[in-house]
Amino acid sequence: MDNAGSHAGPGTGTATGSDPDTGTGFGTAGAPGTSTGTNVTMKANTRMHLSTGGPPAAAPAPPLAIRLALPVDAPAIAAVHLASRQATMPYLPPQRRTHDEVTRWVREIVLPQCHTVVAARGAEVLGYASVRGELLDQLYLRPDVLRAGIGSRLLAAARRHRPAGLSLHVFQLNTQARAFYAHHGFRVVATDDGSGNMENLPQLTLRWTPTTAPVPPRGTP
């Protein structure tokens, strides 16, 4: 399951070719499809196949990597942030920040203040997550890569960074994100009326704390 698109952070050729084989057989010494007079006949299944001359097969896509975000990633992170919020949270007020403004916010605020990782396929950034202290401040995916396991991998990276536990804020209306985090063990620990966020929307505070197995007493098998 991977419905992660966003939460309440501030801020988502066909190969063509013709077949030249017409089914025409060739005799031993004559024109195509004729007998030579020695009663040699064609075998019905004799065919000549010619090369289609089509384009070479496309190279396989690079593997997905979760890596630390770099300042050069800021424009791509901003694009993911804006696209995700627009696609997955239609109840938000109209976006007032331009791409350049969000890029500057990512470069000057998010990256210096947060531990930020991106999900990248080659040079293409598909999503990102930012952790500030024990707060999962941002987790956004490009809308066209939802439900592909990428959000789960970003969340796993955030957990590795803060193995003692994570908290986050999510809008009450964001049912997809709430289901995603509930699936991954987050539980509601607080609610508010939205007066403390820019969007003035009620939100929930969720918390994940790892479970630890009890240590068996000495002498037990």
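Guide: Let's start with the term itself: a salt bridge here is a side-chain nitrogen of Lys or Arg within 4 Å of a carboxyl oxygen of Asp or Glu. Keep in mind that this is a predicted model. With that cut-off, the structure holds six salt bridges, and Glu-124, Arg-142 and Asp-144 are tied together in a network of them.

Next, the pair that spans the sequence. Arg-207 and Glu-134 meet through their side chains in a salt bridge, at 3.1 Å from N to O. This one links distant parts of the chain, with the partners 73 residues apart: Arg-207 sits in strand S7 (residues 203-208), while Glu-134 belongs to the loop between strand S3 (124-132) and strand S4 (135-141). How exposed are the two ends? Arg-207 is partly exposed, at a relative accessible area of 22%, and Glu-134 is partly exposed too, at 37%.

Now for Asp-137, which forms a salt bridge with Arg-132; their closest N and O atoms are 3.5 Å apart. Here the two ends fall into separate classes. Asp-137 counts as buried, with a relative accessible area of 14%, because the limit for buried is under 20%. Arg-132, on the other hand, comes out partly exposed at 39%.

Arg-67 and Asp-73 make another pair, with 2.9 Å between the closest N and O atoms. Asp-73 is buried, its relative accessible area being 7%, whereas Arg-67 is partly exposed at 28%.

To put those bridges in their setting, zoom out to the fold. The protein chain has four helices and seven strands, and from the N terminus the order reads β-α-α-β-β-β-α-β-α-β-β. Of its 221 residues, 37% count as buried. The chain exposes about 13,200 Å², and carbon and sulfur atoms supply 56% of that.

H3 covers residues 150-161, and its 12 residues reach 17 Å from the first C-alpha to the last, close to the 16 Å expected at 1.5 Å a residue. Its buried residues are Ile-150, Gly-151, Ser-152, Leu-154, Leu-155, Ala-157, Ala-158 and Arg-159. So if you're colouring by burial, Arg-159 goes in the buried class, since its relative accessible area must be under 20% to be counted there.

How values were computed
Residues are numbered from 1 along each chain as its sequence is written. This is a predicted model: local features need pLDDT of at least 70, side-chain atom pairs count only at pLDDT 80 or more; totals for chains, interfaces and linings use all residues. Side-chain values use heavy atoms; hydrogens and water are left out. Helices (H or I, at least four residues) and strands (E, at least two) are DSSP runs, numbered from the N terminus. Buried means under 20% relative accessible area, exposed over 50%, partly exposed in between (1.4 Å probe, protein chains only). Accessible areas come from the Shrake-Rupley method with a 1.4 Å probe; for residues, only the protein chains shown count as cover. The expected span of a helix is 1.5 Å times one less than its number of residues.
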